[in-house]
Amino acid sequence: MTTPFVAVLMGSDSDLPVMQSTLDVLKSFDIHFEVKVTSAHRTPAATHAYVKDAEERGCKVFICAAGLAAHLAGAVAGITTRPVIGVPIDAGPLQGHDALLSTVMMPGGVPVASVAIGKAGAKNAGYLAAQMLAVASEEMAERVKADRQKNAEAVMAKDAALQEKLGR
């Protein structure tokens with residue numbers, strides 16, 4: 001039996017500083033992942049071959065990061081029926097707005113789940129992948145719930161500290 005994993009694809013190695021947030025979240029949930037640089041434009045055959053191979057080896061979710069024209073997520077979504085999450089990279093003269101539009105404007109029937117531009121989106125891509133995997137894994141669902149609770153407790157602790165500082 002193969003271990004389910006998430007494939008994290010980047011259009012360029014320069015995307016790694018942003019996508020490190022994704023990898024950190026996946027690690028925190030103990031989700032197996034692979035990371036690859038591949039291009040919808042420069043290496044379309046290699047991208048296609050990787051997606052097909054990854055799917056056969058147990059990839060359950062693809063996370064695709066790209067800037068500028070940002071066609072990687074859409075190209076991958078056209079190859080697989082697995083969920084694809086697109087992360088627009090905040091690069092170029094439009095600071096990721098072009099990448100966002102390229103990522104979200106998919107034709108009907110070929111969806112890409114899109115997250116915010118940049119590091120916040122990269123972080124949420126990891127969380128969204130965990131939630132997608134939680135649909136088929138009660139253990140993962142419990143990890144996601146526990147993480148949400150931990151985050152809520154951190155906010156409440158910060159509020160309590162603020163109230164104390166303000167003398168209330």
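How do the axes of α5 and α6 cross, and within what distance do they come? The axes of these two helices come within 7 Å and cross at roughly 140°. This is a predicted model.

**The α5 and α6 pair**
- Angles over 145 degrees count as roughly antiparallel and those from 65 to 115 as roughly perpendicular; α5 and α6 are therefore oblique to each other.
- On the α5 side, the contact is made by Tyr127, Ala130, Gln131, Leu133 and Ala134.
- On the α6 side, the partners are Glu138, Met140, Ala141, Val144, Asp147, Arg148 and Asn151.
- By type, the residues of this contact divide into 7 nonpolar, 2 polar and 3 charged.

**Nonpolar cores**
- The largest nonpolar core has 26 residues, and the members touching the most other members are Val6, Met19, Ile31, Ile63, Val87 and Met140.
- At least two residues of this core come from each of β1 (5-10), α1 (16-28), β3 (59-66), β4 (84-88), α5 (119-134) and α6 (138-165).
- The element that gives the most to this core is α5, with 6 residues.
- Not counting residues up to four places away in sequence, Met140 touches Phe29, Ile31, Ala130, Leu133 and Ala134.
- In soluble globular proteins, nonpolar side chains tend to be buried together.

**Helix α1**
- With 13 residues at 1.5 Å a residue, α1 should span 18 Å, and this agrees with the 18 Å between its end C-alpha atoms.
- Val18, Met19, Ser21, Thr22, Leu23, Val25 and Leu26 are the buried residues of α1.
- These buried residues pack against β1, β2 (33-37), β3, β4 and α5.
- Asp30 follows α1 and has a positive phi, near 60°.

**Positive phi in loops**
- Most residues other than glycine have a negative phi.
- Ala70 has a positive phi, near 50°, and sits in the loop between β3 and α3 (72-77).
- Ala70 is buried because its relative accessible area is 4%, and buried means under 20%.
- Gln95 also has a positive phi near 50°; its place is the loop between β4 and α4.
- Gln95 has a relative accessibility of 47%, so it counts as partly exposed.

- Thr103 is in helix α4 and is buried, with a relative accessible area of 4%.
- Leaving aside neighbours within four places in sequence, Thr103 is in contact with Ala70, Ala73, Gly86, Pro88, Val112 and Ser114.
- Thr103 lies 18 residues from Ile85 in sequence, and their C-alpha atoms are 9.1 Å apart.
- Met106 is in the loop between α4 (97-104) and β5 (113-114).
- Met106 is partly exposed, since its relative accessible area is 22%.
- With neighbours within four places in sequence left aside, the contacts of Met106 are Gly74, Ala77 and Val112.
- Met106 and Pro93 are 13 residues apart along the chain, and 23 Å separates their C-alpha atoms.
- Val112 is in contact with Thr103 and with Met106.

Note on methods. Residues numbered from 1 in each chain as written. Predicted model: local features only at pLDDT ≥ 70, side-chain atom pairs only at ≥ 80, totals over all residues. Heavy atoms only, no water. Core = buried A, V, L, I, M, F, W, Y, C linked by side-chain atoms within 4.5 Å. Buried < 20%, exposed > 50% of the residue type's maximum accessible area, 1.4 Å probe, protein only. Helix = DSSP H or I, 4+ residues; strand = E, 2+ residues; numbered from the N terminus. Contact = heavy atoms within 4.5 Å. Expected span 1.5 Å × (residues − 1). Axes fitted to C-alpha atoms, helices over the stretch in contact; angles between N-to-C directions. Parallel < 35°, antiparallel > 145°, perpendicular 65-115°, else oblique. Nonpolar A, V, L, I, M, F, W, Y, C, P; charged D, E, K, R; others polar.
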